[in-house]
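Notebook open, model loaded. I jotted down what I looked up, one spot at a time.

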Amino acid sequence: MIEELYAIEKLAMGTSPIHILDSRIKIIICFAAIIAMVAYPYSVSAWIPGLLFFLFFLMLWVISELPVTTYLKRLVMILPFGIFIILFQIFFENSHYDTFTVLVPLPLGINIYSESVEFAAILFVKFIICISFIILLSSTTPMQNLLTGARRLGLPPEFALVIGLMIRYLFVFAEMFGRVMNVFETKCFNSFDRSLPYKYRLKILGYTVGTMFIRSYEQGERTYISMLCRGYSKDSYLQISKKEIKPGEWIIVCIALTFIIMVPLVGYFSGI
């Protein structure tokens, strides 16, 4: 787990033209594409802006010099969280349609509707575009730079402080989990080993979860006391220095936003 986190951060610290862009530029472009795709009406014409946005994403991914396998692996890991919701849409009458045509009748009165399949396909396109831009953003921008860029864009300081602490201790927790797994391997314990009694495996896992909970609580107490000793209070904020956006970066964001805005507008008003 800790190796995966370090691998993500290592990729995000590249030197490609996309990596060295100001984090605010990347946040604006990615969120603009997501908002434009989500706000587009649920119609068959959504395939056109979806295709153009995906080509735009592919162009940015190629410029970032990241391997395609990295994108595919992360996409496959995220797909199960959304694909089940999308698949369930085909069994229900969707409120976006007035009439419904039974495509495949199933037992127990369950039907697959043609209109619902169309809606699920549109939802899938929107899902892929949004996830792709999120993967691009996280793969080309370190976590701390994302937080700094969001703070400069106006993220409330309270949120920035909490998220900053979460980012720092995410790696601490992952390292702690890695140590626990190393202990299991050293003692030849496998929670999926059917040769061991089920109650024994459950007891060991319960002890492990309880130990990690107690250690996390103790670590939180020590961290909070240390922060109080350093002047932390409810009025403490994450201080971010000002940074000017370069003229070339202004040109990039203007071109990208023009493209992101025009594609849905042209697709919608042209009635494609």
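Which residues does Asp22 touch, not counting residues up to four places away in sequence? I get Lys243 and Glu249, taking contact as heavy atoms within 4.5 Å.

Before going on, a note on the source: this is a predicted model, where local features need pLDDT of at least 70 and side-chain atom pairs count only at pLDDT 80 or more, while totals for chains, interfaces and linings use all residues. Residues are numbered from 1 along each chain as its sequence is written, and side-chain values use heavy atoms, with hydrogens and water left out.

**Asp22, continued.** I find Asp22 in the loop between helix H1 (2-12) and H2; helices here are DSSP runs (H or I, at least four residues), numbered from the N terminus. Asp22 is buried, with a relative accessible area of 3% (buried means under 20%, exposed over 50%, partly exposed in between, with a 1.4 Å probe and protein chains only). A polar atom of the Asp22 side chain lies 2.8 Å from the backbone nitrogen of Arg24.

**Glu65.** I looked at another loop, the one between H3 and H4, and Glu65 sits there. Glu65 is exposed, at 60% relative accessible area. Its phi is near 60°, a positive value in a residue other than glycine.

**The core.** Next I looked up the largest nonpolar core, which has 44 residues. By nonpolar core I mean a set of buried Ala, Val, Leu, Ile, Met, Phe, Trp, Tyr and Cys residues joined through side-chain atoms within 4.5 Å. Helices H2 (23-39), H3 (47-63), H4 (68-88), H5 (114-140) and H9 (247-269) are the elements that each give two or more residues to this core. H5 supplies the largest share, 14 residues. Among the residues with the most contacts inside the core are Ile29, Phe53, Phe56 and Trp61. I clicked on Phe56: leaving out residues up to four places away in sequence, it touches Ile29, Phe133, Ala256, Phe259 and Ile260. Apart from this core lies another, of six residues, including Val180 and Phe184.

**H6 against H7.** How do the axes of helix H6 (residues 143-152) and helix H7 (residues 157-186) cross? They come within 10 Å and cross at roughly 180°, with axes as lines fitted to C-alpha atoms over the stretch in contact and angles running from 0 to 180 degrees between N-to-C directions. H6 and H7 are therefore roughly antiparallel to each other (angles over 145 degrees count as that). Met143, Gln144, Leu147 and Arg151 are what H6 brings to the contact, and among their partners in H7 are Pro157, Ile163 and Phe171.

Conventions
Parallel < 35°, antiparallel > 145°, perpendicular 65-115°, else oblique. Polar contact = N/O pair within 3.5 Å; in protein donor to acceptor, adjacent residues only side chain to side chain.
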